[in-house]
Amino acid sequence: MIEICSLSYNINRNIILEDINLTLTDGEFAALIGPNGAGKSTLIKLILGFLPLQTGAIYIEGIPHLEWLKEHSIGYLPQHEEFNRNFPTTAMEIVLMGLVRELHPGSRFKSIHRQRAMQALALTGIAHLANHQLGSLSGGELQRVFLARALVSDSKYLILDEPEASLDQPGVKSLFILLKDLNKAGKTILTISHDLNILSEYCSFLICLNRRLHCHTSAELVNAEIIHKTFGDTVRLIEKDY
Amino acid sequence: MYNFIYQAILAALLSSFSLALFSPLVTLRQVSYMGEALSHIAFAGIALALLLELNLQLTTLIFVVIVALAISWLSQKHKLQEANTITIFLSVSMALGIILISLKKGYSFDLESYLFGNVLLVSPAEIYQLVILALLDIFFISFFYKELFYLSYNAEMAKFYRLPVGLVNTIFMILLAANIVITLRAAGIILVSAQLILPAVTSFNLVKRLDYAILCSALIAILAASGGFALSWWLDIPTGANIVLLEFVLYLISLMFRRRQKIA
């Protein structure tokens, strides 16, 4: 369980997040939605410990999150990972990065680690690319490599920042089918996304954020009024019968 | 006579070898400009040691290490662009060096040998320092290979995965500074940065793995140092410049292999 209590965050006196109170229960598949600049990425960076807390607290399994993170890992798929496309590394080596905290400084990966990395790559459907150079992969393939890295440590929690970026429509669908399967297998998932159609189909819980928390409720209960409250008048909802 | 020659060969081989070991890491971490800056910053350290009549190498080493760590710290803590911070320190250090040298009136100092390097001037004590440096480089790179690999790939993600980024980065900066200062006498302030870049860019044209690139860089350096020394012996021209030119020739040859690989 992840609990966020009275969390506020500002940068140069600009309020990014204001008084956020939120509980993410175990086994939830939650989606964080909101317009650009709503503070979604900031919120997950605070949970992951990338940014220091200013006001409020975050607890994971009842323990202050930074303490918890010292002993445990959270699977994380960043929105955009900066790397040199000429960097001499393979998909396998990047997935192994997800296991480095299990090794002492100076020790090397063993065959068991490589087997686990291969399983994670197989799970995301790109086992055949294990020994390909990272720089030679397409955007969608890269996204799957980074997802495999997030999954390899078999963490209880998985946090994704716009995982559908760089994926085509069938790719997005197969990604969310995989996420749903992982969720059914017991993983607690928090994802940022802009694709409301796909979220309403796969997620159980929607968190509407625009600096303040507008709602956190079951996905089925989210209606046009809540969406307008979160996004303002910048969105128009079109109901489609698929 | 023969001892003197062996000493010079060893100085050329060891200094090129040590710089080449660091070369792929410096290139991948995109701190090759830092390597060049530190070699120029060393000039102020040398001038300071001369003015205060302190141990030249130790003073320069301490000075360069402090500046290297300051650049790293300022870039991280104050979010300054690393290139800007390096440029500021490089220019200030050069200015400081010129002022300090001018203050030491009536002192004749062979600045040329530090600017361009001269393996013939390397003392037996400096050979021992080069051996220790090479061993330290080998130990550091083999022990922290995994950490260096992921730190070079993406420092922020390496930190997220709980790698000791701060510790490894600090040791890296200290050893980079030590490599530059200790190889200065053999490689020269002007030419040391070329030996920090050329072996790596050549290796990455030939191999696609970091560990292979480190080995390949070391081999390139040994080849260039041996050839460079032989040429300087026969033609009576400076060894440091020969080594850099040979490394450049090897780089040009590697470009052809790179093209062939792409066609294949």
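How many helices and strands are there in chain A? After that, please take helix α6 of chain B as the part to examine: which of its residues are buried, and which are exposed?

Analyst: This is a predicted model. Chain A has 8 helices and 10 strands. Of its 242 residues, 50% count as buried.

Helix α6 of chain B covers residues 124–143. Its 20 residues should span 28 Å at 1.5 Å a residue, and the C-alpha atoms at its ends lie 29 Å apart, which agrees. The buried residues of α6(B) are B:Glu126, B:Ile127, B:Leu130, B:Leu133, B:Ala134, B:Asp137, B:Phe140 and B:Ile141. Viewed down the helix axis, these buried residues fall within an arc of 155°, so they line one face of α6(B). On the other side of the helix, B:Tyr128, B:Ile132, B:Leu135 and B:Phe139 are exposed.

One of the buried residues, B:Glu126, carries a charged contact. B:Glu126 has a relative accessible area of 9%, and counts as buried because the cut-off is under 20%. The side chain of B:Glu126 meets that of B:Arg185 in a salt bridge, at 3.5 Å from N to O. This pair links distant parts of the chain: B:Arg185 sits in helix α9 (residues 165–187) of chain B and B:Glu126 in helix α6, 59 residues apart.

Chain B has another salt bridge with buried partners. B:Glu147 pairs with B:Lys146, their closest N and O atoms being 3.0 Å apart. B:Glu147 is buried at 3% relative accessibility, and B:Lys146 is buried at 5%.

For chain A, one pair can be set beside these. A:Arg116 forms a salt bridge with A:Glu102, with the closest N and O atoms 2.8 Å apart. A:Arg116 lies in helix α4 (residues 111–123) of chain A, while A:Glu102 lies in the loop between α3 (91–96) and α4, 14 residues apart. A:Arg116 is partly exposed, with a relative accessible area of 25%, and A:Glu102 is partly exposed at 41%. Over all chains the count comes to 10 salt bridges.

Between chain B and chain A the count is 0 salt bridges. The contact takes 24 residues from chain B and 32 residues from chain A. The two chains bury about 2500 Å² between them, 65% of it on carbon and sulfur atoms. In chain B, B:Tyr153, B:Phe160 and B:Tyr161 lose the most area to chain A, together 31% of what that side buries.

Notes. Residues are numbered from 1 along each chain as its sequence is written. Chains are lettered from A and ligands numbered from 1 in the order in which they are written. This is a predicted model: local features need pLDDT of at least 70, side-chain atom pairs count only at pLDDT 80 or more; totals for chains, interfaces and linings use all residues. Side-chain values use heavy atoms; hydrogens and water are left out. Helices (H or I, at least four residues) and strands (E, at least two) are DSSP runs, numbered from the N terminus. The expected span of a helix is 1.5 Å times one less than its number of residues. Buried means under 20% relative accessible area, exposed over 50%, partly exposed in between (1.4 Å probe, protein chains only). The arc is that of the directions from the helix axis to the C-beta atoms. Contact means heavy atoms within 4.5 Å. Buried area is the accessible area (1.4 Å probe) that two parts lose on being put together, summed over both. A salt bridge is a side-chain nitrogen of Lys or Arg within 4 Å of a carboxyl oxygen of Asp or Glu.
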